[in-house]
Amino acid sequence: MAAYDDGVFFGFLLKGALRPAMDYLTQFPEKSAELQRYQRRFEQEPYAANDADADLAPLLLVFQQYYRDVFYWNLPEPAARQQMQARFAQCLLTEAGEFDTDLEPKIKDVFESNGFHYLGGRTSGYFGPYIWKVTTPKLYTVELPEGTQPYRVNLLSEFLSKSWLDYISLGRISTGGWADADGVLNCVAESYDLTSEAFTVSLLKHEAQHAMDLSRNADLAPAQLEYRAKLVELIYSVERNLLLAFAEEADSSNPANAHGLAAAKIITLFRTKLGNAAAPLDAVPISQIRQIAQELFRESSVL
């Protein structure tokens, strides 16, 4: 049997496949303690504690229940959402309604009235907010394939919630940032060494490419946005073979998972460029990865 591989395990979680991720852990005795932590959270239901006050903790609990329903019990998302809507209506002492139009604005108001920032909506097809206390702005000049320009970066800290991926991975992986519609980049500061390539390339250049592309075409499909931003990561990464990470993330089965779709497209086109559908990606030199990524980026378009 092959040795345990973090990339395989995290690949399951990135796709929301919690049960297969846990099944993967069962194959490795050295991972028994980690498996037990997952079993405690999702089988015994001790929801994650938080430092929120009495007004906020019940709302955070409902999100955790939604994550458990969707990712552990594999309840179809619409059914899990119906249960979530009923729980939130009870917490808010209001009539049940659609989460995104009727309930989430009220939830956002509660958190913001308690001094927090709240970013809601869906991530890869599932609900789960980003809720934080402190925003520290900083200016960075970012080089991209089509130009260099300054970007304001908000360094965010003191989080109450980092959406569903952070929760189902027990805090080991999560979305590291995003670009606002106005071109401001946001970074979950605690996730990065701000001198690392993970920050300067996978956060700054990735999100800046989103901002640049959206400034040119605000209607660009999410999967195309992610495709171009991931190519930028490959162009500028010299310390990491991100092609392997994208291969684990690749997922063509979920049309709402823009990251998975983009990764799948990259792997398919890379294999075409390499001329070998079965080529071992860990054997491709970084210099060749960067060259092919540059070719694919030139062939892509925001129009």
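**Salt bridges**

I started with a definition: a salt bridge is a side-chain nitrogen of Lys or Arg within 4 Å of a carboxyl oxygen of Asp or Glu. I'm working on a predicted model, and by this rule I get 16 salt bridges. The general idea is that side chains of opposite charge can pair when their charged atoms come close.

I looked up arginine 172 first. Its side chain meets that of aspartate 6 in a salt bridge, 3.6 Å from N to O. The two come from distant parts of the chain, 166 residues apart: arginine 172 sits in the loop between helix H7 (163–168) and strand S6 (177–179), while aspartate 6 belongs to helix H1 (residues 6–14).

**Glutamate 77 and its arginines**

Next I went to glutamate 77. Its side chain forms a salt bridge with arginine 81, at 2.6 Å from N to O. Both residues are in helix H5 (residues 77–92), four residues apart, which is about one turn of the helix.

The cut-off for buried is under 20% relative accessible area. Arginine 81 has 16%, so I count it as buried, and glutamate 77 has 12%, so it is buried as well.

Glutamate 77 also meets the side chain of arginine 122 in a salt bridge, 3.7 Å from N to O. What does this pair tie together? Arginine 122 is in strand S2 (residues 122–123) and glutamate 77 is in helix H5, so the bridge joins parts that are 45 residues apart in sequence. Arginine 122 counts as partly exposed, with 41% relative accessibility.

**The sheet**

Then I traced the strands. I found an open sheet of five strands in the order S1-S4-S5-S7-S6, with mixed pairing. Which strands are at the edges? They are strand S1 (117–119) and S6, and each of them pairs on one side only. From one strand to the next, the twist averages 35°.

A reminder to myself: strands of a sheet pair through backbone hydrogen bonds, either parallel or antiparallel. I picked one pair to look at. Strand S5 (residues 147–162) and strand S7 (residues 185–188) run parallel and share four bridges. Valine 153 is opposite leucine 185 in S7.

**Helix H6**

I followed helix H6 (residues 99–113) from end to end. It has 15 residues and spans 19 Å from first C-alpha to last, close to the 21 Å expected at 1.5 Å a residue. Which residues of H6 are buried? They are Phe99, Leu103, Glu104, Ile107 and Phe111. The buried residues pack against several elements, including helix H4 (57–72), H5, strand S4 (130–144) and S5. After H6 comes glycine 115, which has a positive phi, near 90°.

**A loop residue**

Last, I looked at asparagine 217, which is in the loop between helix H8 (197–216) and helix H9 (222–236). Asparagine 217 counts as buried, at 18% relative accessibility. What does its side chain reach? A polar atom of that side chain lies 3.0 Å from the backbone nitrogen of aspartate 219.

Terms used. Residues numbered from 1 in each chain as written. Predicted model: local features only at pLDDT ≥ 70, side-chain atom pairs only at ≥ 80, totals over all residues. Heavy atoms only, no water. Buried < 20%, exposed > 50% of the residue type's maximum accessible area, 1.4 Å probe, protein only. Pairing = 2+ DSSP bridges. Axes fitted to C-alpha atoms, helices over the stretch in contact; angles between N-to-C directions. Expected span 1.5 Å × (residues − 1). Contact = heavy atoms within 4.5 Å. Polar contact = N/O pair within 3.5 Å; in protein donor to acceptor, adjacent residues only side chain to side chain.
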